[in-house]
Structure formats: structure tokens, C-alpha cells
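Please read the points below with the model open beside you, taking them one at a time.

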Amino acid sequence: MRKYFIIGKFYCLCFLALISSCKEVSDQKITTTSKEHIATYEQLDSMLDRSFQLYTDGDFDASLQNNLKTIKLAEAAKNNYAAHDSYSYLGYDYLVLGDTIQALESFNKSYQYAIASQEPILKANSYLDFASVYVNDSMQRDKGIEYFNKALTIYNEVNDSIGLQAAYLNYALVLFKRDDDAQFETVLDSLKNYSNHPGLHESFKTSVYNLEGKNALRKGRYQDAKVQFTRALALGKKNHFAQALEDIYKGLATTYEKEGDYAKAYTMLAKYDSVSQINLEKKSFLESKKATAKFEIEKVEEQLNQAQLEFALEEEKVKQRTLIAYVLVALIVFGIATIIFFYYLSHKRKTFIQTLKEKNKEIEKAKIEAEELARVKSDFFSTISHELRTPLYGVIGLTSILLEKHAHKKDLQELESLKFSADYLLALVNDVLHLNKLDSKKAQHHQDQDVFSLKELISNILSSFEYLRLQNQNKLEVEYKGSIPALIQGSSTELSQILMNLVGNACKFTEGGTIKIKVEGRTKNNQSTLKFAIKDTGQGIAPDKIKQIFEEFAQGESKNINYQGTGLGLCIVKKLLHSAGSDIHVASTPGKGSVFSFSMTYPIIEELQKPPNKNDIPMIPDITSLKESRILIVEDNRINQMVTQKILEKYGVICTIAQHGKEALQLLKQQSFDLVLMDINMPVMNGIQATQEIRTFSDIPIIALTAVELEEMREKIYKCGMNDIIVKPYDIESFEQTILKSLQEYRVQTA
């Protein structure tokens, strides 16, 4: 026996139809019930039919009494199926009388009998019972939908079309009420698949047509709405479905009104009023019956508790009569089982110890392999960093030198294209290596903490985009709001990377527009929470592309082919913010622009340490002070030798080349130099070993030239005695200033 419960605007958790054709479940009930209980089963089935009819007629008092008798008889006969149905019916009696707590308690007992029966359809029916309670509670509606999905899963597994009809109809009504259009359309399509079932009750078809009409009306498809409402109306009139007719007439009246056919709308509205009045009288009669039944609830509950107590006492007597026999059998079985168990345990222990030893060996082997794999990966990225950056140093350096020589105009475009390609490849290498560090958790946001001025940092970032700004004819603006501290403590490098990537993207995808950096500060407990927003008036991002732009190597659709980028910038931004406990947010309108925003919190530094006296450390002199300086270049790559030498010689530097560390040692012992540029990776003797040897007899400034990832070599470089580091391929201005700084400090010390 199966029931449909409809949750809708004009239905209040009532039975819509009783599907008497569900003979399959009834047959299962008989086969699982012993022969002496067959007469009892037939009696139970008749009483369950009576419960349904009493509920439908609104005689809730009689329904409660009948369900109580059915429960007592079903539990005495140990008929799990009948007990499940009768508790379910009792739950709906409580539900219509407004006692949700008692309804849930009855549904829970019904569910326990469904579990005991091991019948999946009964379990699915219980899920529908729970759903009928929770979907009407706004706080637990999602829980009700979860129960709908559980029921649908079981009905699909057993191919129960009647159950699927009930579940899909109830589910569709809930979704329609919630205005969940996307999910509603999916469920409605599934519902239509089962609307041609040969045993389908016409009340079900009426509800489906009515629901389709409402959906079409809400979406403005008035012709479809009239077709569906007319189908529902025909069935409603035929079967005298008064409650449904009220809803259908109202839907037709609204449809005709929307179409401007006010005459028909008035006719439908008049019929609606007529049916509504009849239904109102019926509702008043049912309400009076409900009020009467409520007075009987306490009495019914007392009888139910008494019945359960009697059932429990009867079970206790049976248990006592069989307890002694069970104890004797148990003692004998226990004795035999104990002997077998100890023998099995001994054998199992030996097997387990042997298996454990083998597993430990496998784990140790896997650990060694994982460590080796991590080491190989680390070595690979270290090597690939050096092998890629070293030739790039030559390409970028030589191109820069050629551009500085004022080449003929016919060569400028080719040289600029070559320089751009080399810079692009370098950016790709740096981004890939940086991304690897983030993935391997080597880059921690709390490292390299320093004190810095936020306004100065942003000013430097904007100045670095001056060329790109002019090229794309954009405006760069900064706006500060709220409390912006003068000095904060944190990783300025990390913040610079984030802002450089976001501002760079805004410049790349904006032409003839405005890019604004907006910073809003809020101070609390000596902490400054800064909200950054980078807004542009560029081409914007389609909604379905926003998630994609944060994936590795994903690129926006820029019209400017010169700045397509590596597709890693936003991925790095997201990972950096995630490691700092923040996140990136995007708001974009295609054709109007985008806004990327995030928040960071920094400690406020009230006072910076007193700056050193200008007389203590002389100012770094002009680049012309490099003239006549003697610099030893220790480099094994001939192209890099040539690039470095040419850059220095244009300032009048006297350069000497050493092919490796051992040769550098010999030259330093034989000649006098002002500074050494030391490559790290070289044959015969590398830069680390050479520096350690040099420090035994000289304190000459030594600057490391390395193409290896700086984080991996920084400690080794400074520990061996080097004074500073230049990463290849380097920015020429930074290269020159680093050399000047080291020379000036050395001259001050030796003066």
C-alpha cells in the first residue's frame, strides 16, 4: 500500500491518492509472514485501508483510535510491514492536528520497523514521511530536500515508478514554492517521465498538469499555461477534485488577465469564488473535527503507551522463559569457542606479526622513494633554474647592449621584439619556479618580515608601470581612505608581488581607460586591516570565466597580443593570499571593467629605528666613479663573460676574466683587484669553494652571480663569506648599484 503526500500552497500534508495497484509490496508482506498470521494480515490490511479513508474524510479522532488498534495488533503479530504503515498513518494524524513532535516520534518508530523489515521501499516511504515534516519548516527545509533525494535514490534502485511519482511530485512542489527554477525544471522533467504509468491515479495527473500550468504562467508562457490548466480542469471536474479545482480556476483567471482577456478572466474568477466558498465550508467542518480530535490526543497517547508497555511485558516473559536455555547453550558454545579462539588468536598473532614486518619494510621503502623523489624534484628545479636563466642572461644582456648602441632604425623593431621575447620567457621561468615553491610550501608569507611604508611601496609599483601606462594610454590613480598607518610590519616583497600582478593585469586588459588602486584602512588594537581594491575600466571578464582565470596557465582574452602573459600571475596571487590567511574576490562586468579586492592585516609600527647619521655611511657615488676600477669576473660561460665585461667596460672598468674558481685564486694572489664577481656553478672549483679559500687571505668584496633560485642558495652564499648577491639575468641598473654599494663600503672600511 502506498500513499502520496502533496506539499503545496493549497495542500496541507494530506493524502492525495491511495495506489491500490501496489500489489507487489503486499505480496512481499505475505511471503515474509508465517502461515498462522495470514488471517491477521488480512485483518491488518483492512484496518490500514480504514485508516486512510478516515483520514481522507477528516475524521481524525476515529483515525487515531483505528491506528492505535492497528499498531497493537501489528506488534503482537510481529508484522513489521503493518507496524510501519500504521505508525506512519498515526504520524500524519498528529501532523494535521499540529503536534509536530509526536508526528516525528511516530515517523521514527515507523522508520525502525522499515529497517527491521529490510524492505527498501518501506525505508524510502519513511524518508518521504520525514520530508513532509521538514520542508514546511523554513529552518530545516534543506534537511527535508535531503530526505527527498534519499527516497528518490531508493525508488530508482528498485525501479519503483509509483514511489518515484510521489517523490518527484512532492519535491517539485517544494522547489516551485522556493522559486528554485533551475532545480525545479530538472525535477519536473523527471516527473513527466513517469506521468504515463498505466496505474497512475487521475488525482496525480491533475496535480502534475496544474503544476505545469503554474510554471508556464510564472514564466510568461500563457498559451502553454492555458493548455495545462485546461487538462487539469477536465480531470478535476470529472473526479470532483474540489480543492484542486479552486487552484486551477485561480490559475486560469490569472492567465486570461495577463493576456488581456478580461471577460474570460472574470468567468474563471467567478467559478473560483464558487468553488472556494464550498471548500471553505468543508474546511470549517474539518477544522471542527480537528478541534474535537485534539481533545482525544492525550487519551490516545496514554492508550498507545499502555499498549507498548503490554507488548514490552509480553516480550520480557518470553525472554525469561528462554533465558535459562540460552545460558546453558551459551556456556557450552563459549567453552568450545574459547578453545578455538585461543588457537586462532595464536595463529593470527604470528601471521599479523609477519604481515606487520612486511608492511613496515614497504612503508620504509616508500618513504625512501618519496624522499628521493622530493630531492630529485628539488634538484631538477634548481638545475633548470640555472640552465634556463644562464642563456637568458646572455640574450637579454646582448640585446640591451645592442639597443644602447643606437642601432639603425631598421633594426630597432627586431631588437625590441627579441628583448620582449627574452623578458617574456624570463617571466615564465620565474613564475613557474615561484609556483613550484608555493606548491611545495617553501614560500611562507611570514618570512622576510620588514618595516615599510605602504604609500611608498605603492608609489614605486605605479612608477614601474609607467611605460605600459603610456603605451596603452591609461591613467593610474591611487585613493586612500580611512586610517592608513605611516609604517607597517610584514612582507613587503609578498605584498609587492600581489599588487604587481593585479596592477599588471589591469594595465594589460585596459586601453585608453583608468586603473585605480583604492586602499581603505581600519585600525584596531595596534593592528591595521587594509582592504585593497584594484579597479579598471577595461574589457571585463565573462561570469563563466572568473573561476578559470585563477587556474595555472589560464589567460584572459586580451586584444593586445603584446601582453598575453604567462597565465600564472593570478594563480600566484591566490596562493600567496591563501598562505597569508586571505583570499581574492572578483567583481566584473564585460565591457565595463573589473575589480579585484583582498584584505591584509599588519602590525602598526609607531616609530622606525633612528636612521644612521649621514656622516657614518657616505652616499653611494655616481656610476662614473666605477672608472679605473679593477674587477675580476669569475664566469665559465663565454657569452656571459662577454655581456658582463661589455656592461662594465662602458663605464671605464678594467675587467679580468677567470674561467673557474681555481684560476680566480691564482689571479688574486698575483694581482690587485677592487672587487670580484663570482659565479656559483663552475667546473674545477665552484664559487662557494673559491670564496672560502679567498677569505683565508683577503677581505676583497665578492658579489655572487647566480642563476639558481635565491632562497635555496642565500644561506650558503652569505655563510661562505660573500658580501652580496646578483641574480641572473639581472636588471642592469640594479647590477650597477649593487657593485657601487659594495665598492663604496669596502673603500670606507679600508680608508
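**Notes on a predicted model**

1. Glutamate 362 and lysine 359 are three residues apart in helix α14, so about one helical turn separates them; helices here are DSSP runs of H or I with at least four residues, numbered from the N terminus. An α-helix has 3.6 residues a turn, so residues three or four places apart point the same way. The two residues form a salt bridge whose closest N and O atoms are 4.0 Å apart, a salt bridge being a side-chain nitrogen of Lys or Arg within 4 Å of a carboxyl oxygen of Asp or Glu. Glutamate 362 is partly exposed, with a relative accessible area of 46%, and lysine 359 is partly exposed as well, at 44%; the terms mean under 20% for buried, over 50% for exposed and in between for partly exposed, with a 1.4 Å probe and protein chains only.

2. Before going further, please keep in mind that this is a predicted model, in which local features need pLDDT of at least 70 and side-chain atom pairs count only at pLDDT 80 or more, while totals for chains, interfaces and linings use all residues. Residues are numbered from 1 along each chain as its sequence is written, and side-chain values use heavy atoms, with hydrogens and water left out.

3. Helix α10, residues 202-218, has 17 residues and reaches 24 Å from its first C-alpha to its last, close to the 24 Å expected at 1.5 Å a residue, where the expected span is 1.5 Å times one less than the number of residues. Because 12 of its 17 residues are buried, α10 is largely enclosed by the rest of the structure; among the buried residues are Phe204, Val208 and Leu211.

4. What does lysine 214 form a salt bridge with? Its partner is aspartate 247, with the closest N and O atoms 2.6 Å apart. Lysine 214 lies in helix α10 and aspartate 247 in helix α12 (residues 242-259), so the pair ties together parts that are 33 residues apart in sequence. Aspartate 247 counts as buried, at 4% relative accessibility.

5. The largest nonpolar core has 57 residues, and Phe130, Tyr155, Leu191 and Leu211 have the most contacts inside it; such a core is a set of buried Ala, Val, Leu, Ile, Met, Phe, Trp, Tyr and Cys residues joined through side-chain atoms within 4.5 Å. Helix α8 (residues 161-177) supplies the largest share of this core, 11 residues.

Notes. Helix = DSSP H or I, 4+ residues; strand = E, 2+ residues; numbered from the N terminus.
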